[in-house]
Amino acid sequence: MTLQERLDSDLKDAMRAKDASKLGVLRMLKAALKNVAIEKGGASTQLDDAEATQVIRKQVKQRQDSIESFEQGGRPELAAKEKDELAILNGYLPQAMNADELAAAVREAIAETGATSRAQMGAVMKVLQANLAGRADGKTLSQEVQRQLSA
């Protein structure tokens with residue numbers, strides 16, 4: 001079952017259960033996926049799971065930024081709503097890597113590319129992003145690559 005098929009199925013389940021908050025998040029996510037598909041190649045275009053995961057990651061990042069802003073602005077009720085949405089969206093992302101797995105993957109990518117300095121970080125990141133396919137966000141990857149290349 002593709003990610004979009006799973007999303008459609010969960011959307012129907014949320015409708016049946018009359019779960020308004022989950023339904024709203026899933027509709028928003030479906031609209032975001034459709035917008036990206038239209039930009040990519042027209043209304044009939046289907047995104048593959050990797051592209052859909054990128055869209056979901058973008059939505060997750062938006063929620064994280066909103067939570068931070070609402071908490072700084074003294075709006076805990078809005079931050080709580082965003083946290084609920086974030087939890088729903090995280091259910092559609094692949095299982096994240098733990099720190100040890102991430103460090104091992106970075107070591108392998110550095111060995112594969114033969115990188116020895118931060119100047120070669122781009123090549124390492126390219127290999128990592130291809131190999132990990134959304135299991136770790138770019139910021140975390142970048143920090144780990146910098147740490148290992150400078151050590």
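Predicted model: local features only at pLDDT ≥ 70, side-chain atom pairs only at ≥ 80, totals over all residues.
Let's begin with Gln-4, which touches Leu-33, Gln-46 and Leu-47 once residues up to four places away in sequence are set aside. Gln-4 is found in helix H1, residues 3–17. Is Gln-4 buried or exposed? Its relative accessibility is 15%, and because buried means under 20%, Gln-4 counts as buried.

Now over to helix H3, where Thr-53 has its place. Thr-53 has a relative accessibility of 9%, so it counts as buried too. And what does Thr-53 touch, not counting residues up to four places away in sequence? The list is Leu-3, Leu-93 and Pro-94.

Next, helix H4, which covers residues 76–90. H4 has 15 residues, and from its first C-alpha to its last it reaches 20 Å, close to the 21 Å expected at 1.5 Å a residue. Which residues of H4 are buried? They are Ala-79, Glu-82, Glu-85, Leu-86, Ile-88 and Leu-89. Those buried residues pack against two helices, H2 (20–41) and H3 (49–72).

Let me pick one of them, Glu-82 in helix H4. With 12% relative accessibility, Glu-82 counts as buried. Leaving out neighbours within four places in sequence, Glu-82 is in contact with Arg-63, Ser-66, Ile-67 and Phe-70.

Last stop, friends: a helix pair. Two packed helices are described by the angle between their axes and the distance between those axes. Here the pair is H5, residues 99–113, and H7, residues 138–150. They pack at an angle of about 60 degrees, and their axes are 10 Å apart. That angle makes H5 oblique to H7. As for handedness, H5 passes H7 in a right-handed crossing.

Who makes the contact between H5 and H7? From H5 we have Leu-102, Ala-103, Val-106, Arg-107 and Ile-110. From H7 come Thr-140, Leu-141, Glu-144, Val-145, Gln-148 and Leu-149.

Note on methods: Residues numbered from 1 in each chain as written. Heavy atoms only, no water. Axes fitted to C-alpha atoms, helices over the stretch in contact; angles between N-to-C directions. Helix = DSSP H or I, 4+ residues; strand = E, 2+ residues; numbered from the N terminus. Parallel < 35°, antiparallel > 145°, perpendicular 65-115°, else oblique. Left-handed = near helix turned anticlockwise from the far one by under 90°. Contact = heavy atoms within 4.5 Å. Expected span 1.5 Å × (residues − 1). Buried < 20%, exposed > 50% of the residue type's maximum accessible area, 1.4 Å probe, protein only.
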